[in-house]
Amino acid sequence: MKKEKIKPSKKKILTYYLIMAACLLVAAAVTVGVVFGVKKPDSTINKPPVTTPDDNNPDNPDDNKPDKPVDSTTSYVFIVPVKNGNLAQANVFCYDKTLDRYATHKGMDFAAEAGTEVLAAVDGTVVSIFTKDQLYGAVITVKHDNGMQTVYKYIDPVETLKVGDKVNRGDVIAKVAKATGAENKEGDHLHFEVYENGEQIDPDVKLNIISK
């Protein structure tokens, strides 16, 4: 006698498919987690750290630099050659009070009381000192390595200053003298001239104070 095959019910078949679907979802979730959960190699591993001047790295020469950048040409940058002086006359065509005429004023005048310190405008070597010039009182000329010369008039030179002395920018080389000579009606002041390769130029080319 043959046994009759029992067919599974629709409910059991549906349950079977649901279990299979759940297993597939779980497997898919695990696979996704494995794929995306693996970290990518860190590209910075075994690379030296990037340092900046602020890291205080003793091997970094930039660490000892001052906050403000240092200009390697500082010794050739001009400064105003008189302490607390005010520009009284630029290198322009103007009225000359002393000579009572219009003429080109060659150089720059800085008004300052007699006795005010006169400074070397830039590093150089003293090449001449005249103390009895009838037109300009005392005159100091300083030569510079880059073809420049600076001239200081209506001054009283420092007694210890002599020809051949090396002077640095800012060194006191004289004091403003009492007004005299060719510009005596202009009052006490320093008359400052600049020469480049033997040609007189406007000092403001180097000082750049009028445009400020």
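I took partly exposed to mean a relative accessible area between the buried limit, under 20%, and the exposed limit, over 50%. The model I looked at is predicted.

Entry 1, salt bridges. I found four salt bridges in the structure. I looked up Lys-83 and Glu-117, which form one of them, with the closest N and O atoms 3.1 Å apart. Lys-83 sits in the loop between α1 (10-37) and β1 (86-89), and Glu-117 is in strand β5 (residues 117-119), 34 residues away. I read a relative accessible area of 28% for Glu-117, so this residue is partly exposed. Lys-83 has 41% and is partly exposed.

I then checked Lys-153 and Glu-193, whose side chains meet in a salt bridge at 3.0 Å, N to O. Lys-153 belongs to strand β8 and Glu-193 to strand β11, so the pair ties together parts 40 residues apart in sequence. I noted both Lys-153 and Glu-193 as buried.

I counted 26 residues in the largest nonpolar core, where Ile-140, Tyr-152, Ile-173 and Phe-192 have the most contacts inside it. The elements giving two or more residues to this core are β4 (108-111), β7 (137-143), β8 (148-157), β10 (172-176) and β11 (189-196). I listed the contacts of Ile-140, leaving aside neighbours within four places in sequence; among them are Val-126, Ile-129, Tyr-152, Leu-161 and Ile-173. Ser-128, Thr-150 and Pro-157 are also in contact with Ile-140.

Methods
Residues numbered from 1 in each chain as written. Predicted model: local features only at pLDDT ≥ 70, side-chain atom pairs only at ≥ 80, totals over all residues. Heavy atoms only, no water. Core = buried A, V, L, I, M, F, W, Y, C linked by side-chain atoms within 4.5 Å. Buried < 20%, exposed > 50% of the residue type's maximum accessible area, 1.4 Å probe, protein only. Helix = DSSP H or I, 4+ residues; strand = E, 2+ residues; numbered from the N terminus. Contact = heavy atoms within 4.5 Å.
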